[in-house]
Amino acid sequence: MTPTDETPELPPRERRLLFRALHRGTKECDLMLGGFVRRHIASLDAAALEELEAILEMPDVDLADWLSGRRPIPAEAQGPLLLRIAAESATPGAGKPDHLR
């Protein structure tokens, strides 16, 4: 991936996390999770990056259900970043690619 105005040159860890968020295996998660990470990766602190790594280990089926609002996020999976991603995913047009928002 080449840097753009939205994704300036990132350190290796952040580049790896961004790639993983954009290539989940399901289009739904690619758009919701990957879109969020693309927009915010450069501003995440160390604690948020650690939480993002944990989120990326969660199954796509669960993430898609939680982020789309089909099921509530269970208490044991809730964290500040996942709740933030879910809140942003609930906004109109959240699943659309950035250039169509």
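User: At roughly what angle do the axes of helix H4 and helix H5 cross, and within what distance do they come?

Analyst: This is a predicted model, in which local features need pLDDT of at least 70, side-chain atom pairs count only at pLDDT 80 or more, and totals for chains, interfaces and linings use all residues. Residues are numbered from 1 along each chain as its sequence is written, and side-chain values use heavy atoms, with hydrogens and water left out. The axes of H4 (residues 60-68) and H5 (residues 80-89) come within 8 Å and cross at roughly 60°.

User: Why are H4 and H5 called oblique to each other?

Analyst: Angles under 35 degrees count as roughly parallel, over 145 as roughly antiparallel, 65 to 115 as roughly perpendicular and the rest as oblique; the crossing is at roughly 60°, and H4 and H5 are therefore oblique.

User: Which residues of H4 and H5 meet?

Analyst: With contact meaning heavy atoms within 4.5 Å, Leu-63, Trp-66 and Leu-67 of H4 meet Leu-82, Ile-85, Ala-86 and Ser-89 of H5.

User: Why does Ser-89 count as buried?

Analyst: Buried means under 20% relative accessible area, exposed over 50% and partly exposed in between, with a 1.4 Å probe and protein chains only; Ser-89 has 14% relative accessibility and therefore counts as buried.

User: How do you know that the buried residues of H5 line one face of the helix?

Analyst: The buried residues in H5 are Leu-81, Leu-82, Ile-85, Ala-86, Glu-88 and Ser-89. Seen down the axis of H5, they fall within an arc of 165°, so they line one face of the helix, the arc being that of the directions from the helix axis to the C-beta atoms.

How values were computed
Axes are lines fitted to C-alpha atoms, for helices over the stretch in contact, and angles run from 0 to 180 degrees between N-to-C directions. Helices (H or I, at least four residues) and strands (E, at least two) are DSSP runs, numbered from the N terminus.
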